[in-house]
Amino acid sequence: LRFPLLDRMAIRTPLLDFDLNGIRGAILFDAGDAWEEKPEFVGSYGIGARMNIENYIVLRFDLAQTTDFETIEPHWRWDIFFGWDF
């Protein structure tokens, strides 16, 4: 689920100006099973943020935890990606 966080954020400095447009939030949930000998249904959930940079590339940051639906991993995983979702 993606939703708007900030439409525009401008950062002004004496040397450079930055305009960050279209910062979006995300709530993540994923579940599935890999094709292995023993079926193992696993999933993950978390939050994230996406930012479109000049309509050419997307910067994505995700913070998530994994689960086997009986226990939850104690540590959060974070990932930073450049590029579009496929």
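The model is predicted: local features need pLDDT of at least 70, side-chain atom pairs count only at pLDDT 80 or more, and totals for chains, interfaces and linings use all residues. Residues are numbered from 1 along each chain as its sequence is written, and side-chain values use heavy atoms, with hydrogens and water left out.

**Exercise 1**

Solution. 
- Start with the cut-off: a salt bridge is a side-chain nitrogen of Lys or Arg within 4 Å of a carboxyl oxygen of Asp or Glu.
- Check the distance. Arg24 and Asp7 meet at 3.6 Å, N to O.
- Place the residues. Strands (E, at least two residues) are DSSP runs, numbered from the N terminus.
- Buried means under 20% relative accessible area, exposed over 50%, partly exposed in between (1.4 Å probe, protein chains only). Arg24, at 30%, is partly exposed. Asp7, at 57%, is exposed.

**Exercise 2**

Solution. 
- The whole structure has four salt bridges.
- Arg12 is exposed, at 51% relative accessibility.
- Asp79 is partly exposed, at 25%.

**Exercise 3**

Classify the two aromatic pairs of the structure.

Solution. 
- Apply the rule: rings of Phe, Tyr and Trp (its six-membered ring) pair if their centres lie within 6.5 Å; planes under 30 degrees apart count as stacked, over 60 as edge-to-face and the rest as tilted.
- Take Phe41 and Phe69. Their centres are 5.3 Å apart, with 25 degrees between the planes, and the pair is stacked. Phe41 lies in strand E3 and Phe69 in the loop between E4 and E5, so the pair ties together parts that are 28 residues apart in sequence.
- Take Tyr45 and Trp76. Their centres are 6.2 Å apart and their planes at 80 degrees, so the pair is edge-to-face. Tyr45 is in strand E3 and Trp76 in the loop between E4 and E5, 31 residues apart.
- Tyr45, at 29%, and Trp76, at 45%, are partly exposed.

**Exercise 4**

Describe the backbone and exposure of Phe69.

Solution. 
- Phe69 is not a glycine, yet has a positive phi of about 70 degrees.
- Phe69 is partly exposed, at 41% relative accessibility.

Terms used. Helices (H or I, at least four residues) and strands (E, at least two) are DSSP runs, numbered from the N terminus.
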